[in-house]
Amino acid sequence: KQWYQRRVRASLLLLLLLLYYLVSFLAEDHGAIRKALSVLFKRLDHFDCSHNLDDWQALAATLEKAQQILDEDQWNDWVLKEFWEEREEWWPGYHFNEDQVNEDTPRMGSQWEVLLAKCCVARILLSQGNPFVMAVNKITRSQEEYENRGDNPMWDTMSNMSDCSSVTSSLTEGRSRKRLQ
């Protein structure tokens, strides 16, 4: 029981720290964005957080915000070198494996939302044409064949996969973002 309480307390402290950085990040504070990226990447390195929707949405929103306000040198130094370079060999297989997505993947609920948020992050860090993004896009496109647009509340999210704002809208101000590629 003590182990569980310590773990919950540590998670809550991290969440509070993350919320502080996100509030600062909304004000376009470069230092807050850097700290938020650090916290998020470190959290998502761990198995316990690898399927946490809030963390993936926050990372997608923070990366989108960073693309908007950082110049190319800052993006390359902070995001690509400082945070992504040490993960680029193992994160794609760990988090962005196309085997996680198949025709049996539920297209509603938290598992699907996590996949959509991961897809947004993969688009930014890997590219539009990486196998994970292509697998999610394939499932998204196939959804149109089986469900009526008007009857599916998830349709808007799925049909706008080229624009990740629907996944991160709760954490961003909805401004259009500059694409890395």
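This report describes a helix, a nonpolar core, the aromatic pairs and the cysteines of a predicted model.

## Basis of the values

Local features are reported where pLDDT is at least 70 and side-chain atom pairs where it is 80 or more, whereas totals for chains, interfaces and linings use all residues. Residues are numbered from 1 along each chain as its sequence is written, and side-chain values use heavy atoms, with hydrogens and water left out.

## Helix α2

Helices here are DSSP runs of H or I with at least four residues, numbered from the N terminus. Helix α2, which covers residues 30-44, has 15 residues and reaches 21 Å from its first C-alpha to its last, close to the 21 Å expected at 1.5 Å a residue, where the expected span is 1.5 Å times one less than the number of residues.

## The nonpolar core

A nonpolar core is taken as a set of buried Ala, Val, Leu, Ile, Met, Phe, Trp, Tyr and Cys residues joined through side-chain atoms within 4.5 Å. The largest such core has 38 residues, and Trp56, Leu59, Leu63 and Val79 have the most contacts inside it. Two or more residues come from each of α2, α3 (53-69), α4 (72-84), α6 (109-125) and α7 (131-146), with α6 giving the most, at 11 residues.

Leu59 touches Leu37, Leu40, Phe41 and Leu44, as well as Trp91 and Val121, when residues up to four places away in sequence are not counted; contact means heavy atoms within 4.5 Å.

## Aromatic pairs

Rings of Phe, Tyr and Trp (its six-membered ring) pair if their centres lie within 6.5 Å, and their planes count as stacked under 30 degrees apart, edge-to-face over 60 and tilted for the rest. By this rule the whole structure holds nine aromatic pairs. The rings of Phe41 and Trp91 have centres 5.2 Å apart and planes at 45°, so this pair is tilted. Because Phe41 lies in helix α2 and Trp91 in helix α5 (residues 91-95), the pair ties together parts that are 50 residues apart in sequence.

Phe41 is buried at 0% relative accessibility, and Trp91 is buried with a relative accessible area of 0%. Ring pairs link Phe41 and Trp91 into a cluster with Trp56, Phe83, Trp84, Trp90, Tyr94, Phe96 and Phe132.

## Cysteines

With a disulfide defined as a pair of cysteine sulfur atoms within 2.5 Å, the count comes to zero. Cys119 is in no disulfide, the nearest cysteine sulfur being that of Cys120, 5.9 Å away. Cys119 counts as buried at 0% relative accessibility, and Cys49 counts as buried at 11%.

Notes
Buried < 20%, exposed > 50% of the residue type's maximum accessible area, 1.4 Å probe, protein only.
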